[in-house]
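Hi there,

Here is the structure I promised to pass on to you. Have a look at it first, and then read on for what turned up.

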Amino acid sequence: MKHNLLGGHDESRSFQTIVYILYIKLAYGKRIVYFIACQPATNRSAPRRSDTKGMKMLENLSMQKMSLGDRIAGQLEDQVINGTIPAGAKLDETAIASQFSVSRTPVREALHILCSRGLADRIAYKGVVVTRISPERIDEMFEAMAELEAVCGRLACHRMTMSERAEFQAMHHEMEGLAETGDSAAYEALNNRFHALIFAGCHNTDIIASAEALRVKLAPFRKYQLDDAGRLKRSSREHQQIVDAIIDQDPTATESALRRHLISAAHEVVNKRQRLSGAEMKTGEAL
């Protein structure tokens, strides 16, 4: 069927045009995701190898943008959260620079990051000291994140565009596969993007800025609790509930699903830290 004055056109040509427009307008990684979303249902059962490769490229580009200070901060954060560096310990610039074989400049950047995330304090005449992270403090941070994400999710139910919903579903589908294989590093990388899509879907710049700021602060804790195959699968199931609620445009269900998800993450962090602390005490008693 040819175009007429009312804009009618052949359905297959319309499909090709939509895909082509998306193809030329979007960045490489998004281009692949939207292309999957436009395929017939029979071809959508699993991401193709090229699609997965596109997502991996995005992750690699993201890693390349990290500064040396970011990478040092990431390793120090892991050690603080898992208790390897105890509360009250002084983070000495010279010692850390020697440990990582770097100058003191990226170490200063890393320590600034730790202080900004509440994992350390800069104390006069003492330097940078690791803070005590209590279960109550962890609950407070995750509670705040849960409320912010609930607001984002409620608004996103009706404000997400069709293309945003398509990307959201496609990303969840990819993460399901990663959860099944236990690939915690790749899952964690996409998990950040998954939640960022919820923030962006609310289309309110002030709320997005607040949510992103708290997400950055909580990032080490969320990474910590995902380093477990069982938790990955539970997280994926919780994500399914969130995706279903947003796609169904059910604000109440979305808020509830997001709150449950963040509470579950907080409990995982607290319980894991307590298990590690208990194991260390038993080891000390045995010695």
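Let me begin with the cysteines: searching the whole structure turns up zero disulfides. Please keep in mind that this is a predicted model. Cys157 is buried, because its relative accessible area is 0%, whereas Cys115 has 22% relative accessibility and so counts as partly exposed.

**The chain as a whole**

The chain has 12 helices and two strands. Reading from the N terminus, the order of the elements is α-α-α-α-α-α-β-β-α-α-α-α-α-α. There are 287 residues in the chain, and 40% of them count as buried. If you take the contacts between residues at least 6 apart in sequence, 70% join residues at least 24 apart.

**The two strands**

How do strand 1 and strand 2 run relative to each other, parallel or antiparallel? They run antiparallel, and four bridges join strand 1 (residues 120-123) to strand 2 (residues 127-130). One place to look is Ile123, whose bridge partner in strand 2 is Gly127. The relative accessibility of Tyr125 is 89%, so Tyr125 counts as exposed.

**Helix 4**

Helix 4 covers residues 68-81, and its length can be checked by simple reasoning. With 14 residues at 1.5 Å a residue, helix 4 should span 20 Å; the C-alpha atoms at its ends are 20 Å apart, so the two agree. Its buried residues are Gly69, Ile72, Ala73, Gly74, Leu76, Glu77, Val80 and Ile81. Just after helix 4 you will find Gly83, which takes a positive phi of about 90°.

Ser163 lies in helix 8, which covers residues 162-181. Its side chain makes a polar contact with the side chain of Thr161, at 3.1 Å. With 29% relative accessibility, Ser163 counts as partly exposed.

The buried residues of helix 9 include Tyr187, Glu188, Asn191, Phe194, His195 and Phe199.

How many aromatic pairs does a search of the whole structure find? It finds one aromatic pair. The partners are Phe168 and Phe194, and the pair is stacked, with 4.7 Å from centre to centre and 25° between the planes. Because Phe168 lies in helix 8 and Phe194 in helix 9, the pair ties together parts that are 26 residues apart in sequence.

His203 lies in the loop between helix 9 and helix 10 (205-225), and it has a positive phi of about 55° although it is not a glycine. The relative accessible area of His203 is 43%, which means that His203 is partly exposed.

**A histidine in helix 12**

Finally, please look at His261, which lies in helix 12 (residues 251-286). His261 has a relative accessible area of 4%, and so it is buried. Which residues is His261 in contact with, leaving aside its neighbours within four places in sequence? They are His195, Arg231, Ser235, Glu238, His239 and Ile242.

Methods: Residues numbered from 1 in each chain as written. Predicted model: local features only at pLDDT ≥ 70, side-chain atom pairs only at ≥ 80, totals over all residues. Heavy atoms only, no water. Pairing = 2+ DSSP bridges. Expected span 1.5 Å × (residues − 1). Buried < 20%, exposed > 50% of the residue type's maximum accessible area, 1.4 Å probe, protein only. Disulfide = S-S within 2.5 Å. Polar contact = N/O pair within 3.5 Å; in protein donor to acceptor, adjacent residues only side chain to side chain. Contact = heavy atoms within 4.5 Å. Phe/Tyr/Trp six-rings, centres within 6.5 Å; stacked < 30°, edge-to-face > 60°.
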